[in-house]
Amino acid sequence: MMIEDKIKWNDKYKSAPPAQKPSPLLLAYLERIGRGEVLDIAAGMGRHAKPLAAQGCHVDAIEWSDLALEALEKIPGVSAIEMDLEEACGLKKRYDAILCFNYLNRNLYPLMLTHLKPGGLLLFETFVQDDANEGAPGNPFFLLEKNELLHVFCSLYIIEYKESYIRKPNGQKALMASMAAQKLH
């Protein structure tokens, strides 16, 4: 991403407060994640990092927006990492859980597989291409193909997967894919 993208995300966080509630997908797996090391990709203002840190996880939260980084730095147990996910990703650790919500960068698929510990969980939830989408990104580059996550992460044990319509707070509907998967070895 270029500096223009950073400005765009800062403006987005200034103009419209992001969702504060964690995704039901994350809430369903909090107990299973336990107190492990977690990577939160495109962490936003911390809606997923907060409940994980509160239960004793250490969360590495990757973000590009200055406003989001400031918010993340205030959460005990969270390490805010300024990183442009469109560029090289220099992670060195392996994680008990990796989260990716409302963000898609296909170049990160290998990173997710490499940096997930054996037994670790991948929670992935984002928009899917669909003609009926009203509240999804307009650029198809930022939308999953139907069943894409199942194909890409077929080396993992898929615990659950669904594609379903959600209603956004503004009433618009969008098709979302939600997946929980585990790396067995």
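**View 1. Helix H2 lies across part of the sheet.** Helix H2 spans residues 24-33. It lies across strand E1 (37-41), strand E4 (95-101), strand E5 (116-127), E6 and E7. Its direction runs at about 170 degrees to E5. Helices (H or I, at least four residues) and strands (E, at least two) are DSSP runs, numbered from the N terminus. Axes are lines fitted to C-alpha atoms, for helices over the stretch in contact, and angles run from 0 to 180 degrees between N-to-C directions. Helix H4 (residues 66-73) packs on the sheet too, touching strand E2 (58-63) and E3. Contact here means heavy atoms within 4.5 Å. The directions of H4 and E3 make about 160 degrees.

The model is predicted: local features need pLDDT of at least 70, side-chain atom pairs count only at pLDDT 80 or more, and totals for chains, interfaces and linings use all residues. Residues are numbered from 1 along each chain as its sequence is written, and side-chain values use heavy atoms, with hydrogens and water left out.

**View 2. Seven strands make an open sheet.** The order is E3-E2-E1-E4-E5-E7-E6, with mixed pairing. Two strands pair if DSSP finds at least two bridges between them. Strand E3 (78-82) and strand E6 (157-167) are the edges, each pairing on one side only. Neighbouring strands are turned by 15 degrees against each other on average, direction ignored.

**View 3. E6 and E7 pair in the antiparallel sense.** Strand E7 covers residues 173-182. Its pairing with E6 runs over 10 bridges. Glutamate 160 stands opposite alanine 180 in E7.

**View 4. Aspartate 60 and lysine 93 meet in a salt bridge.** The N to O distance is 3.1 Å. A salt bridge is a side-chain nitrogen of Lys or Arg within 4 Å of a carboxyl oxygen of Asp or Glu. Aspartate 60 sits in strand E2 and lysine 93 in the loop between E3 and E4, 33 residues apart. Aspartate 60 is buried, at 5% relative accessible area; lysine 93 is partly exposed, at 33%. Buried means under 20%, exposed over 50%, partly exposed in between (1.4 Å probe, protein chains only). Shared partners join Glu37, Asp60 and Lys93 into one network of salt bridges.

**View 5. Lysine 117 forms a salt bridge with aspartate 96.** Their closest N and O atoms are 3.5 Å apart. Lysine 117 lies in strand E5 and aspartate 96 in strand E4, so the pair ties together parts 21 residues apart in sequence.
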